[in-house]
Amino acid sequence: MKTCAFIILFLITGCSTHGAHFVDAKPMSNDLFTSSVLSKPNWHHGAKNCAFSPQAPHDVYQHDESTFIIRQNKCLTFEAPFIYVLAGKKSVLVVDTGALDQSSSYNLYQELEKLLGKKQLSSKQLFVLHSHGHSDHYQGDWSFSGQKNVTLVNPARQAVHTFFQFEDWPNGQKTIDLGDRQITVLPTPGHQEESISLYDDKNKWLLTGDTLYPGYIYIKDWASYKKSIDKLAKFAKKHEVKAILGAHIEMKNKPKLYYPIGSTFQPNEAPLDLNANHLYALNSVLKAQNTPKELIFDRFIIKPMNLFQRTLSDLIRLFST
């Protein structure tokens, strides 16, 4: 279902820049490709011939003793989503579970046992959340089935609202205490109805899923997206944000250039992390943009869905949640 959905979206989506608004890069030229806060300069980026690819099913980066980022192999899933693992003294938070389902035999829970140790994983509460409800972010949920001390929140609307007890979605914010590590949860719909962003007070990271990342970002609800970006910008003004980390890399390491959907080989990728200046620049342009329009920045591209695409997205959502 997932593959068919993206093929359909690809076929009906025009990727030309006709009618697009090119955003002047000069205000951001000094931080276009600044040094990453991550000590990992390159991620596994797929292969020209995946049949002969020697790469592991994932690429793991350990930022510190309690923070891991996992990227899935582009030869196994062109989405190559990023998974975030944040451990506190009492609990562990997993943000997204990736695009590899049970048929791939990739077991995310077993990978966490290797990274954190079986003792730590079994002695702490494990929360599994999703940045939003698209299937390339929850296909790995199966590996947590039947495991003790696991709270897995389904990405569907009712489950998300019930778990966080949001009474006036998308207003407000919630906090998860992992034990000496606070995670702030912010509703940020626009790309998708249940999208959330999370702020890690330990590393000062803003995790934005598909709401903002170095790639070609499709926006389902333009008005909601504008409000969500404004919310994140205001939050960043009040909190130190050392990095904005999304769920994919689709841009090249040259301004405004991206890899087309379905690419399994991306040898010259942009860095994963954006910064608060990118967020402020996007917010400023969105505020001045009264109607939905493709916006081309150096590090990401914002693309509103048309009516047919939104309708198709609703149908896919209906049958997949």
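**Exercise 1. Find which residues the disulfide joins, and describe the link.**

A disulfide (a pair of cysteine sulfur atoms within 2.5 Å) joins Cys-50 to Cys-75, with an S to S distance of 2.1 Å. The model is predicted, so local features need pLDDT of at least 70 and side-chain atom pairs count only at pLDDT 80 or more, while totals for chains, interfaces and linings use all residues. Residues are numbered from 1 along each chain as its sequence is written, and side-chain values use heavy atoms, with hydrogens and water left out.

Step 1: a search of the whole structure finds 1 disulfide. Step 2: the torsion about the S-S bond of Cys-50 and Cys-75 is about -75 degrees, so the disulfide is left-handed. Step 3: the pair links distant parts of the chain, 25 residues apart, with Cys-50 in the loop between β1 (21-22) and β2 and Cys-75 in the loop between β3 and β4. Strands here are DSSP runs of E with at least two residues, and helices are runs of H or I with at least four, both numbered from the N terminus.

**Exercise 2. In what order do the 6 strands of the open sheet stand, and which strands are at its edges?**

Step 1: the order is β2-β3-β4-β5-β6-β7, and the pairing is mixed; two strands pair if DSSP finds at least two bridges between them. Step 2: β2 (58-64) and β7 (150-152) stand at the edges with a single partner strand each, so one side of each is left without a neighbour in the sheet. Step 3: inside this order, β3 (residues 67-72) and β4 (residues 82-87) pair in the antiparallel sense over 5 bridges, and Phe-68 has Val-85 in β4 as its bridge partner.

**Exercise 3. In what sense do β12 and β16 pair, and which helix packs on their sheet?**

Step 1: 4 strands form an open sheet of mixed pairing, in the order β1-β15-β16-β12. Step 2: β1 and β12 (216-219) are the edge strands, each with a single partner strand, so one side of each has no neighbour in the sheet. Step 3: β12 and β16 (residues 301-304) pair in the parallel sense over 4 bridges, and Tyr-216 stands opposite Ile-301 in β16. Step 4: helix α5 (residues 222-238) packs on the sheet, touching β12, β15 (295-296) and β16, where contact means heavy atoms within 4.5 Å. The direction of α5 makes about 150 degrees with that of β16; axes are lines fitted to C-alpha atoms, for helices over the stretch in contact, and angles run from 0 to 180 degrees between N-to-C directions.
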